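Colleague: I would like to learn how to read the features of a model like this. Please take them one at a time, the general idea and then the case.

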Amino acid sequence: KIIEIMPISVTQDGNAVSRLWCVDSNGDECAVHVEDAAAMPLVGDEVWWQSGKVYWDKDRRELNKGGYSYSPALTTS
């Protein structure tokens with residue numbers, strides 16, 4: 001589930017990028033970057049990702065994923 005959505009940058013093509021900070025059912029946290037779209041998930045929504053896509057809304061919607069997922073704890077201080 002998403003616990004935080006934060007805008008982080010704009011690509012050279014002018015697309016906005018946000019970080020989705022998520023927690024799984026075991027309490028493990030992970031973050032992933034996505035290109036913003038007209039429809040975006042909300043805090044509390046369930047997401048999963050694979051091969052450059054982040055899926056949400058029971059797999060009916062997808063976002064383009066940027067880079068690898070990572071531990072958000074490594075980027076906060």
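Colleague: Is D57 buried, exposed or partly exposed?

Modeller: Exposure is read from the relative accessible area: under 20% is buried, over 50% is exposed, and in between is partly exposed (1.4 Å probe, protein chains only). D57 has 24%, so D57 is partly exposed. The model is predicted; local features need pLDDT of at least 70 and side-chain atom pairs count only at pLDDT 80 or more, while totals for chains, interfaces and linings use all residues. Residues are numbered from 1 along each chain as its sequence is written, and side-chain values use heavy atoms, with hydrogens and water left out.

Colleague: Where is D57 found?

Modeller: In the loop between β5 and β6. Strands are DSSP runs of E with at least two residues, numbered from the N terminus. D57 has a positive phi of about 55 degrees although it is not a glycine. K58 also has a positive phi of about 55 degrees without being a glycine, and its place is in the loop between β5 and β6. K58 is exposed, at 75% relative accessibility.

Colleague: With which residue does D57 form a salt bridge?

Modeller: Side chains of opposite charge can pair when their charged atoms come close. The rule here asks for a side-chain nitrogen of Lys or Arg within 4 Å of a carboxyl oxygen of Asp or Glu. D57 meets R60 in this way, with the closest N and O atoms 2.9 Å apart. Salt bridges that share partners join D57, R60 and R61 into one network. R60 counts as exposed, with 61% relative accessibility.

Colleague: How many salt bridges does the structure hold?

Modeller: Four. One of them links the side chains of R19 and E4, at 2.3 Å from N to O. R19 lies in strand β2 and E4 in strand β1 (residues 2-10), so the pair ties together parts that are 15 residues apart in sequence. R19 is buried at 6% relative accessible area, whereas E4 is partly exposed at 30%. E62 and K53 form a salt bridge as well, their closest N and O atoms being 3.3 Å apart. Both ends are partly exposed: E62 has 43% relative accessibility and K53 has 24%.

Colleague: Which residue has a side chain joined to that of S18 by a polar contact?

Modeller: A polar contact is a pair of N or O atoms within 3.5 Å; within protein, one must be able to donate a hydrogen and the other to accept it, and residues adjacent in sequence count only if both atoms are side-chain atoms. The partner of S18 is D36, at 2.8 Å. S18 is found in strand β2 and is buried, with a relative accessible area of 3%. Residues up to four places away in sequence not counted, S18 touches I5, M6, P7 and I8, among others.

Colleague: Which residues make up the largest nonpolar core?

Modeller: A nonpolar core is a set of buried Ala, Val, Leu, Ile, Met, Phe, Trp, Tyr and Cys residues joined through side-chain atoms within 4.5 Å. The largest one has nine residues: I2, L20, C22, V32, V34, V47, V54, W56 and L63. At least two residues of this core come from each of β2 (16-23), β3 (29-35) and β5 (53-56). Beyond four places in sequence, I2 touches residues including L20, C22 and V47.

Colleague: Why is the pair of W48 and Y55 called stacked?

Modeller: A pair of aromatic rings is described by the distance of the centres and the angle of the planes. Rings of Phe, Tyr and Trp (its six-membered ring) pair if their centres lie within 6.5 Å; planes under 30 degrees apart are stacked, over 60 edge-to-face, and the rest tilted. By this rule there is one aromatic pair. The ring centres of W48 and Y55 are 4.8 Å apart and the planes are at 25 degrees, so the pair is stacked. W48 is partly exposed, at 37% relative accessible area.

Methods
Helix = DSSP H or I, 4+ residues; strand = E, 2+ residues; numbered from the N terminus. Contact = heavy atoms within 4.5 Å.
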